[in-house]
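This report covers domains, a chain contact and helices. The sequence and the model come just below.

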Amino acid sequence: MTFLTYFLNGLQAGSIYALIALGYTMVYGIVKLINFAHGDVMMVGAYVALFSLTSFNLPLWATVLVTMLFTAVLGVVIERFAYKPLRKSARISALITAIGVSLLLQNLVMLIFSPNPLPFPDPLKAAPVFEIGGLKVSTLTVGTIVAAFILMAILTLFITKTRMGKAMRAVSEDTGAAILMGINVNTTISVTFAIGSALASFAAILYVLAYPQIQPYMGSMPGLKAFVAAVLGGIGIIPGAMVGGMVLGIAESLTKGYISSQFSDAVVFGILILVLLFKPSGLFGRNVREKV
Amino acid sequence: MKLSKIQRSYLYNALAVVGVFIVLYVLQLTGLIGRYYQGILLTLLINIVLTVSLNLATGFLGQLTLGHAGFVSVGAYTAALISLRSGLPEAVAFPIALVSGGVVAAVFGIMIGIPALRLRGDYLAIITLGFGEIIRVVILNLKFTGGASGLNGIPIMTNFPYAYSIAVLTITVMFLLIRSRHGRAIISIREDEIAAESSGINTTYYKLLAFTIAAFFAGVAGGLQAHMLFVIDANKFGFIYSVDIMVMVVLGGMGSITGSILAASILTILPELLRDLAQYRMLIYSILLIVLMLYRPAGLLGRHELSQKILGQWAGRLGGKKRTPTTPDSPEA
Amino acid sequence: MALLKVDNLGITFGGLRALDDVRIEIHPNEIIGLIGPNGAGKTTVFNLLTSVYAPSAGSIELEGISIVGKKSFEIIKHGIARTFQNIRLFKDISVIDNIRIGYHNNANYSILAGILRLPSFWSEEKRMTEAAMQLLKMFNMEHLAEHRAGSLPYGQQRKLEICRALATQPKLLLLDEPAAGMNPTETRELMETIRFIRDHFQISVLLIEHDMSLVMGLCERLIVLDYGVIIATGTPEEIKKNPKVIGAYLGGE
């Protein structure tokens, strides 16, 4: 019975990681940059949600919309001002800038709100508790998993069926050819960042409903874990991020349950190191050689 | 005795180094530089060692590594443990502790470098970040390193002569290494790794070499810190500390030793002068990083070294005033 | 004994067989041309010879010693040097430093000797600098020694890349499209240069080129590659008349 608990908890955490991982993977796919600041965008989302719920007393559904919109815009703004000018520069420059943006977000939030953790309200207090296989499962757990799957399904449809989705795939494959086909690369990149950020903030709300405390560094760990998930699945590959997220969440949860909580962090790092050393292209990735 | 141009420049540099030492030492002895500023001076010298060492891996080799603080930590703890547990008299233990700190950090450098340096760019950065964090967490969980409370009671042995000598040694070794065929090999990897391999450079070896030497000096710096702070705690040597050092390297110029000295000085002294703004430090640093990368990625000196030529140029630009340039630390050899 | 003996060389990328059953024999002091339409696999041959890729099949022997499986930098020590299609110079350092890097393995002092500035450092550095300046003089570039390599005009960048390759003291020099972007005058100059290199340094040259005047005027023998297989070998005269070669370039009867 406990295995099922751990498994479901793992799916819940994995859903959150998957949603965040999608942002990393889509951005990497399209501009070949690891968006160091992505986890912190997620954190900003949590703060926006807090603000909406407490200061504006918005209902949960409105909070979600407002948060996703805000972070989408934030993602686009960051890309335009910090990353776009460096598209032709050395990789090391873009990486350093991303670190700068990450720190900037953390420190701005610290100064505007407070460096101390803030409590997050629990709008799901009255929600029913389900019973699956003799196990008590909260609405949140079910809701997280279901919501994540729905979003991922919508994203997949978007990527495969819409023009913008196809544009995103085209730019990821071959930017030069995409330009020749008349695709507006800048818009496509902006949309990618917008979607990735919005998904991350949705994940932030799911996360914060489960762990109702927010602080300026809260994006670091989930961000790093989501990054590991993206790498595990194959960075740049969207189904990879989804699968990687789930796998990582379950692995982490099982480790927490059967070994220890401390060890679970180590396991996540360990997976990262193993993947980077033995199959850097990830589960779904292909080896791409540099053309000499 | 007629000296060659190179020998003359070595002589000038040596004289300048000794001269600066004497001046600063006397200023401290006579109390013109008070205790508070003496402490800042020590921190400055340690920061110079840290920045110059990281610059070898990031500026000259061209690989962004985000786990440098981990090596500092390893060095600090090793040195502290030797001073605390070896039973040797403090004055004897201290130099041994420093060297050991460097050596153990270098060993970690090799262990981490061998797997990590197979990766490039973003991935290398992340994996070194990961290793830095692993080091931190492991140290916090080991009993003999004091666990979460760290180590205390470390004898205060770091003084101006020690710190100055080590800083000068680090700078000298870096210069001499860079201006040798081995230094050129390291730089060629930054410029074009494939071309370097095709020119006969064993890139794996040289990447590891640069990484390990950087780790060594970071470890020595850690030892100096431990014997200055009396107390060490692995949490102080986390990612933020790695970023602190990185900001200094980036500001000074990735690939300029004198740039690193300059930037380390600025970023040690300025936060002291602007103590009221301490809570904004990381905010300012983050903006600095972004602005630098967008508008002046070369930092202050880029890949050039502060030399008589450049000082002369700056003096000229400042309004045509003819000024005799001071002898800087860069040999022409 | 042949200088270079390549037998049954093949490589597969994913499902695509990029090279199949490639045989090459080069003797000392020869200038051989490797030609063929774009995408035929010519640079891939170079990449295999310098161990950028590992072959899926076949053997490569330099002076009788197999070099398959050796690392790139080891192959340089064995005596094969190359230039690249899109010039790969160390752009941000000086011209002479680029060449000094080529001499890396021919200078002999340890890291410690370098740091301690022992006599071996001084004597080897002097030797390296003199040799590098000699090379630059041969190519009329000695006045550019301290210039930043990236600031050189295109033609001189190409020459510099060749100098760097020569600094490694190779027995076989691989030139990848050395005449790319050159006008006829420069191309003629290049022809003289390559002949001079062969005569002065007593090395063999294998070059990939699309400029037929260069190829026909310079090479003693040609190897024609198309879709990863050798379709003809012979003297320029023979190749000019070979119907398979004509077909490959014109794509028809």
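## Domains of chain C

In this predicted model, the centres of domain 1 of chain C and domain 2 of chain C, taken over C-alpha atoms, are 27 Å apart. Domain 1 covers 1-79 + 170-253 and domain 2 covers 89-168, with bounds from an automatic or database domain assignment. Their contact takes 10 residues from domain 1 of chain C and 8 residues from domain 2 of chain C; two residues are in contact if their C-beta atoms, placed from the backbone, lie within 7 Å. On the domain 1 side, α7(C) gives the most, with 3 residues.

Residues are numbered from 1 along each chain as its sequence is written, and chains are lettered from A and ligands numbered from 1 in the order written. The model is predicted: local features need pLDDT of at least 70, side-chain atom pairs count only at pLDDT 80 or more, and totals for chains, interfaces and linings use all residues.

## Chain C against chain B

In this contact, 25 residues of chain C meet 21 residues of chain B. Three helices of chain C, α2 (72-78), α3 (95-102) and α4 (111-115), each supply at least two residues of the side that touches chain B. Helices (H or I, at least four residues) are DSSP runs numbered from the N terminus.

## End of a helix in chain B

After α1(B) comes B:Gly31, with a positive phi near 85 degrees.
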